[in-house]
Amino acid sequence: MPERRNIFVLLISVLLCFAAGAAALFLSSCAGKKDSGKVIFRGAGSWEIPPAFHGNPWAPGGVGSASWYVHEPLFMFLPGNRQFLPRLGLSMKESKNHKKLTVKLREGVKWHDGHPFTSKDVVTTFIIGYLHHWAVWQLLEGIETPDEHTVVFRWKKPCPHLFKTRALIEKIHSPSHIYGKWAAPIRPLMKKEAEYLKFRKRMGYSAETRKEGAAFEIEKEKKAVREKLYSFKPVELTGTGPFKLVTVTASDMRFEKFAEGWAAGKIAIDEVQMARWPSNEIIWAFLIAGEIDAAHPATPKEVAEQIIKLNPRMKMVTPSDLAEFGLVFNLGREPMSDLEFRRAVATAIDRDLVRKISYYYGTPVTAYSLGIIKSQRSDWLSPETLQKWEKYEFNPQKAEEILLAAGYKRNAKGFWLTPEGKKINLEISTLGNSDFVLGADSISSQLVKFGIDCHVRIVMGQLYGTKLTSGDFDMVTQFLGDARRYGDPATVFENILGKGGYISTACRFPEEVKGPDGKTIKVHKLAKELREYLPEPRRREIIRTLSWVVNKYLPILPVYEKNMLVFITEGKRVSGWPDESHPMWSAVSTGMEGVYISFMTEGLLKGKP
Amino acid sequence: MNRLTPLQKKIFTSLITVFVALSFTFALMRLMPGDIVDEWARELQVQQGLTYQEAYKIATTRLNYDPSVPLPLQYARYIGGLLKGNLGMSLNYRIPVSTIILKALPWTLFVASLALLVSFTVGVFLGMLAAWKRKGFLDPCVTFYASLTQAIPNFLFALILLVVFAVRLRWFPLRGAYDIDVVPGFNLAFFLSAFHHAVLPVVAFTFQTLGGWALSMRASAMSVLGEDFVMVARAKGLKERRIAVQYVGRNAITPLITSLAIAIGGMLGGAIFIETIFGYPGVGFFFGTAIATRDFTLIQGLFLITTLAIIIANFAADIVYSKLDKRVKLE
């Protein structure tokens, strides 16, 4: 009997303790959360959780999304109106030959630790950026500091918009009083490397092989500096931004307003709290619970409507992410290598239906395949030009005619056979993101309905790149026309048609093709030229030619232009969200948090009314 | 080997198991397909609007791993490091693997041990009752519950818990191990917050394992019920409850000791999905991240800890088992 009682008592005690503990904790947590009177903005972001969170923005583990609130760039770029919004920089001036860019810095700016912000901090950041292969250094010759509040960027050749933007929107996060000691050993290495490259250029390939040891030595020295820099773990994350990082945990970050910040007078938000973003599904839960004021998870229509229904204060804005989603065809594999077959596939797919299933809030792309994203199309291609080009609108009848004319035929079950009589079996490889999978599945179903046997294969992220570069696919879903951050067609065509471009490599696009007049078009060369500084007419000509190439030879098929689906809560903790026509929303592709911060520093976001 | 005592033999085979397991893990990691630099490059390409080549170059500087070092040399360095007690540096974070494990392990132990305690205690109790009253209402209920919970993935149940109890009812926090307002340390506010945050992960852990314990106990108890000594006890006129607890329960629970030992060892591996959903900074969370980023050294370290824990727990189970059941001897 005593044993039985003991077991029973033990069990009940455990359960009671558990229940009582939970209840007490619930009550204590409810009692503890009183309104502090502070204006708090709650968002979501990503960062490595402690102990992996580093605190040094250069080191692996970095600072994650904290950088948006703590650090600032010289300017913020608004692709919508192609304007630069002053941040740490106040004004800029380009020389006539576009080889010099002078930036006047804002005076009186302080780092969070009280040190004044000067031009030395900009140089320190860029010098350490050299060590990390910042792309801007491909064109940047050097940076000068004529005085404490002026920075001069000197370019190796006339600087195009793309590289200018790169320089101006990099966050300045390395104060010279902290990171200067790591910038110092990099300068002689830069000089050494520049000399080596000059030598290599002058002497040609054979000299390069003889000097291989020199390149190896430079890389070794650079690595040694990097390793020392990574081992530096600052006690506090320092920036010039409007908020100071106070706490980082596995699930949350908290920032307090930097009272001495240059925009502090305009900022009405006292505190920013950020929840860690584990997956879109969890963010939906946070939004439904009213836990966060703004987030932009990719969301199916029904879920978005449900979130809005459950939160009457919530609304959606859908600015463009400056990228198009669609298919990449493998031109190196039968039957995708046949242009007629690609034309038929493009015409057999109801792209708007795919958009509705995959990402309802995208902008439909139903007629052409241009590379240039739809919202920027009118900037570069006139309606008269487009009228002359082939359209690939949904028309199964036309698709059938194309295939029959090219020698394809159907078998008894209605499935298409190649001209050689072999049944066509296609596979669409896709990443596991819900919008990608839904899109691929819709395309596959439509092709099967049309008589082309097709199925979907979901590929893990780590294997996706290998699959693409090895050409082991028929079709893949991918972001195609990708003008994110800079809104520049140069990045779009570099990717789709450039030598070594991610998509051009995957689809095996040839280096040269025949133009409309029968002359050869050197696509790799043109894509490269587009990244240079060019007179406007030449730039337009190249963009027109490359768009024609994409539309004619169909290496890709865009389905929709992705619009960010931003959920914002008005009046719960903050208010004053501008409507979708505000130009700052056009900067979402440069980083959503940057847009929120701009609304704060411009004094638009305030506490609840 | 003949000169060794059973205990020494057991220790020797355990050490060999550890060595084989860590060698196997080392080889397996290197055979995993996929290019992590490529994934980083694609991420950077999107984030910074770079060309693929530019992004790839930046990504290579991040990785603390030189694939050109021959595998035997890598293996020799790994084993050499382990012999010195060094688990290596994380390729991804460039901090010692031991630092990550030491920070993550307490959270996993806290949640998983609570969950194991509850699921084992309640599961054994329910299994015993189901076996004892086979024609009652409880028996089919337990079987149905166990089948159902084995069929529902734990992350789905975790999501349901999150939506119902954190989003709708707001009884529990949505994420994390403790409230951002409390200071971690030996203070009441921190402990209260940690317990409050642990409730949903514990329930999610418990939900799926409870049915398994109940079924195992039911099966074990049913086999004991047919034993002669139970019939003798009944013939002697002993009370039903005494027979159930002292004769059936005590004997039926013994085979579960091994499973419990494995579960104790296995819980150190955490639960990837549950910890990720609840934003819980345990071993499972880091396991998931390390696999996704092909952080070989971190995966090896975490595997090693789990392997060691399971082997030690099994070892302990064998000893305890031999003490509980005199018929069993350690060989």
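Domain 1 of chain B and domain 2 of chain B bury about 1400 Å² between them, and 76% of that area lies on carbon and sulfur atoms. The model is predicted.

- The domain assignment of chain B places domain 1 at residues 6-69 and domain 2 at residues 97-324.
- Between the C-alpha centres of domain 1 of chain B and domain 2 of chain B the distance is 30 Å.

**Contacts between them**
- On the domain 1 side of chain B, 19 residues are in contact with domain 2.
- Domain 2 of chain B contributes 15 residues to this contact.

**Charged and polar pairs**
- Between domain 1 of chain B and domain 2 of chain B there is 1 salt bridge.
- B:Lys10 and B:Asp318 form a salt bridge, with their closest N and O atoms 2.7 Å apart.
- B:Lys10 falls within the 6-69 range of domain 1, and B:Asp318 within the 97-324 range of domain 2.
- For polar contacts, the count between domain 1 and domain 2 of chain B is 2 residue pairs, both residues at pLDDT 80 or more.

**The side of domain 1 that touches domain 2**
- In chain B, α1 (6-31) and α2 (36-48) each supply at least two residues of the side of domain 1 that touches domain 2.
- The largest share of this side, 12 residues, comes from α1(B).
- By residue class, this side of domain 1 of chain B has 12 nonpolar, 4 polar and 3 charged residues.

Technical notes. Residues numbered from 1 in each chain as written. Chains lettered and ligands numbered in written order. Predicted model: local features only at pLDDT ≥ 70, side-chain atom pairs only at ≥ 80, totals over all residues. Heavy atoms only, no water. Domains from an automatic or database assignment. Contact = heavy atoms within 4.5 Å. Buried area = accessible area lost by both parts, 1.4 Å probe. Salt bridge = Lys/Arg side-chain N within 4 Å of Asp/Glu carboxyl O. Polar contact = N/O pair within 3.5 Å; in protein donor to acceptor, adjacent residues only side chain to side chain. Helix = DSSP H or I, 4+ residues; strand = E, 2+ residues; numbered from the N terminus. Nonpolar A, V, L, I, M, F, W, Y, C, P; charged D, E, K, R; others polar.
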